[in-house]
Amino acid sequence: AEPRPGHIRAMDPTLILYAEHEYNASTFTARVIVSTLSDLHSAITGAIGALKGPLHGGANERVVDVLRGVGKKENAEKWVRDALARKEKIMGFGHRVYKDGDPRATYLKTLCGELAKETGHDDLEVIADVIERVVRDEKKLPPNLDWPAGRLYHYLGLPVELYTPLFVLSRVSGWSAHVIEQLDDN
């Protein structure tokens with residue numbers, strides 16, 4: 001079936017926003033591998049291994065777990081406060097580079113809200129907004145790109161197992177550019 005225009009409008013930016021992000025763990029891994037004069041294929045394979053970890057590429061998958069864990073919007077504030085009291089890590093918040101907020105997340109949040117309306121997931125956006133507010137207020141952690149991207153993929157009806165491979169799909173271009181740069185002037 002052909003995707004609807006709203007779905008394309010929502011999906012394309014995630015691929016662009018995930019494509020390249022300087023010296024993150026997976027990009028660093030790719031560069032280290034080719035610094036030994038290994039090849040592009042080895043670098044991409046190693047980068048995928050680094051990205052697979054839940055503290056890097058797997059974070060967008062955990063967003064759906066959070067939303068499912070909350071259940072109803074009336075439970076959101078209690079759920080997030082209880083999770084913080086237990087010192088649980090809520091994936092999709094904080095960033096090593098963007099201490100004051102990830103501009104990619106800000107941009108994608110608008111598209112995510114539009115898609116939620118189109119697909120009947122307004123209730124999940126209410127839950128997400130409550131969680132975002134509490135985590136920002138209590139922990140001073142703004143959302144990163146994974147927070148809206150995980151929701152957006154869910155609203156598109158994509159299986160959770162595809163979230164990280166979609167991240168990989170988009171990031172290959174960025175890794176390749178870094179590999180070429182590394183090999184040009186090792």
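## Largest pocket

The largest pocket has a volume of about 820 Å³. The model is predicted: local features need pLDDT of at least 70, side-chain atom pairs count only at pLDDT 80 or more, and totals for chains, interfaces and linings use all residues. Residues are numbered from 1 along each chain as its sequence is written, and side-chain values use heavy atoms, without hydrogens and water.

A pocket is an open set of points on a 1 Å grid over the protein atoms alone, where a 1.4 Å probe fits, with protein on both sides within 12 Å along at least five of seven lines; lining residues have an atom within 4 Å of a point. The lining counts 34 residues, with Leu55, Gly94, His95, Arg96 and Asn144 nearest the centre. By class, 17 are nonpolar, seven polar and ten charged. Helix 7 and helix 9 (163–184) each supply at least two lining residues.

## Helix 5

Helices are DSSP runs (H or I, at least four residues), numbered from the N terminus. Helix 5 spans residues 76–85 and buries Ala76, Trp79, Val80, Ala83 and Leu84 (buried: under 20% relative accessible area, 1.4 Å probe, protein chains only; exposed: over 50%). These buried residues fall within an arc of 130° seen down the axis, so they line one face of the helix. Lys78 and Ala85 are exposed on the other side. The cover over the buried residues includes helix 4 (59–70) and helix 7 (122–139).

## Nonpolar core

The largest nonpolar core has 48 residues; Trp79, Val80, Ile90, Ile131, Leu152 and Tyr153 touch the most other members. Helix 7 gives the largest share, seven residues.

Technical notes
Arc of directions from axis to C-beta. Contact = heavy atoms within 4.5 Å. Core = buried A, V, L, I, M, F, W, Y, C linked by side-chain atoms within 4.5 Å. Points joined across faces, edges and corners; volume = space filled by probe spheres on them. Nonpolar A, V, L, I, M, F, W, Y, C, P; charged D, E, K, R; others polar.
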